[in-house]
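Here is a short briefing on side-chain contacts. It takes charged pairs and aromatic rings in turn.

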Amino acid sequence: MKQVALSAITALIVSLVCIGSYHTYLSNLQEATEEIGQETPSDDALFARGVSQDEMPQFVPANKSLGQAPQNFNFAAQKAMPAVVHIKSFQSYQRNDNGFDNFYYELFGIKPQRYKGNQQLSSGSGVIISPDGYIVTNNHVIQDADELEVSLSDNRSYKATVIGTDPSTDLGLIKIEAKSLPSLSLANSDESQVGDWVLAVGNPFSLASTATAGIVSAIGRDLEIIKDRMAIESFIQTDAAVNPGNSGGALVNLEGNLIGINTAIASPTGTYAGYAFAVPANIVKKVVTDLKQYGSVQRAFLGVANMQALDGELSRKLGIDITEGVYVGDLTEQGGAYKAGLQAGDVIVSIDGVKTRNEAKLLELIGRNRPGDQIDVKVHRNKKNRSFRVTLTNAYGETVILAPKRNETLNKLGLSIRDLSGEEMSRLNIERGILVEKLYAGLLRSQTSIREKFIVLKFNGELIDNADGFTKALETSKDKVSITGFYPRYNRLQTYEFDMDLAEKEN
């Protein structure tokens, strides 16, 4: 009898402890939710077997505020997955090596495979960023494609048109003709911190609509894998599992907003080995805006050369009393930094209030601007901080926009063109000319052997003054037409002929 009584007392004590712990949990949860302006979930909601989409936004901030892992990733996944697409790239020839380092393996997807005849098929992912069909992806997913096919999460498929690409950030923008599509909003990637929960969504190994979770494990990573002379690398590093086929897919936060575009993985084998890298959303926003508005990215330059990220050893060697920032080795006289008063030996510690701990972050912050934009640069000089207002320039020290011309006719031809700058014409010893800046899937690629960087001087035998005149001549032309010009490395003129009528037949 005594034993039964003792067991009853013990059970009562355990029950009281559990109830006390539960009320303590509720109290902590209530404090956290009140702090962020949300209501405390009811007992029924806390003990429910599942969490509805409407309830999920209440749980995520509360758990994050308490420093706990989220109960699940349902809300982020349900929001992100419908906006992530599968991209198939059809090519008529073998792709060249794009220069990615063996260890940092590019995520183009399944390696190009024989499809039909001499045609090859590769695949990757993309993210819908507007309901009218604009999709951001990686440049290496769509470059050299003769045809692009986009499949949505509901199995609808569309042919896609390339709006523009930017090799320096490995980003590309394409468009499908559709309306009212699910899309993702871009978050402020500057707010991403090490330890934040993230979700990676894409099509690894052509497994459609796959989501994996992890945390942000580092920010501002410079891997030197984009082999472009003006490359910008300031990757968000995550341990969310991604594999070939995830390239161009979404990295989202717990709110389901886009914080980056998955681009590469660190792997000795070509498959996931622990770390993946995404282009930050703030870079994506700038690139996409430029591609939509101008047809190419308007790259801004500070005018600083021979930069080095400070560390303890370099600081001691140079006699500098700080250990974080970017050391300025030299400046270009036509650059904005020199004109604003910066000097060799300065240490750039912030741009527009954002710390520049390394070169990657500095280049990212500069890369978000256009020629003519002004930024606030804080430098450390002689043990004191000084601020300068710097006007950024283009690669030629000018503040003008060098924008390719894109319209419906040029889209069908698969062509981006722009007027040559005064410096370019002087160097080429010509008085006029139009640069073929980029070629995409279209009429010119299918009918001619024209290559990028061709300088157009004549259209149908008549001199062309500028890109506007060339575009108007194309719009009013029918049947066969010709363009005449040269490549900068060769002196002889070349003429390419193509049939404008085929543009209507093919489209």
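Glutamate 147 counts as partly exposed, because its relative accessibility is 29%. Its partner in a salt bridge is lysine 159, with the closest N and O atoms 2.2 Å apart. The model is a predicted one. A total of 18 salt bridges is found in the structure, along with five aromatic pairs.

**Salt bridges**

- Side chains of opposite charge can pair when their charged atoms come close.
- The bridge between lysine 159 and glutamate 147 links distant parts of the chain. Lysine 159 is in strand 7 (residues 157–159), and glutamate 147 is in strand 6 (residues 147–151), 12 residues apart.
- Lysine 286 and aspartate 290 form a salt bridge at 2.6 Å, N to O. Both lie in helix 6 (residues 281–293). They are four residues apart, about one turn of the helix.
- Lysine 286 is buried, at 5% relative accessible area. Aspartate 290 is buried too, at 0%.
- Arginine 357 and glutamate 324 meet in a salt bridge at 3.3 Å, N to O. Arginine 357 sits in the loop between strand 19 (354–355) and helix 9 (359–367). Glutamate 324 sits in the loop between helix 7 (312–318) and strand 17 (326–331), so the pair ties together parts 33 residues apart in sequence.
- Arginine 357 is partly exposed, with 45% relative accessibility. Glutamate 324 is also partly exposed, with 42%.
- A network of salt bridges links Asp190, Lys361, Glu364 and Arg368.

**Aromatic pairs**

- The structure has five aromatic pairs. In one of them, the rings of phenylalanine 73 and tryptophan 197 have centres 5.6 Å apart. Their planes are at 65 degrees, so the pair is edge-to-face.
- This pair links distant parts of the chain, 124 residues apart. Phenylalanine 73 is in the loop between helix 3 (56–65) and helix 4 (74–80), and tryptophan 197 is in strand 10 (residues 197–202).
- Tryptophan 197 is partly exposed, at 31% relative accessibility.
- Phenylalanine 454 and tyrosine 496 form an edge-to-face pair, 5.3 Å centre to centre, with 80 degrees between the planes. Phenylalanine 454 is in the loop between helix 12 (443–447) and strand 24 (455–459), and tyrosine 496 is in strand 27 (residues 494–499), so parts 42 residues apart in sequence are tied together.
- Phenylalanine 454 and tyrosine 496 are both buried. Ring pairs link Phe454, Tyr487 and Tyr496 into a cluster.

**Charges over rings**

- The charged end of arginine 451 sits over the ring of tyrosine 487, 4.2 Å from the ring's centre.
- Arginine 299 lies over the face of phenylalanine 301, 5.3 Å from the ring centre.

Notes. Residues are numbered from 1 along each chain as its sequence is written. This is a predicted model: local features need pLDDT of at least 70, side-chain atom pairs count only at pLDDT 80 or more; totals for chains, interfaces and linings use all residues. Side-chain values use heavy atoms; hydrogens and water are left out. Rings of Phe, Tyr and Trp (its six-membered ring) pair if their centres lie within 6.5 Å; planes under 30 degrees apart count as stacked, over 60 as edge-to-face and the rest as tilted. Helices (H or I, at least four residues) and strands (E, at least two) are DSSP runs, numbered from the N terminus. Buried means under 20% relative accessible area, exposed over 50%, partly exposed in between (1.4 Å probe, protein chains only). A charge sits over a ring if NZ of Lys or CZ of Arg is within 6 Å of the ring centre and within 35 degrees of the ring normal. A salt bridge is a side-chain nitrogen of Lys or Arg within 4 Å of a carboxyl oxygen of Asp or Glu.
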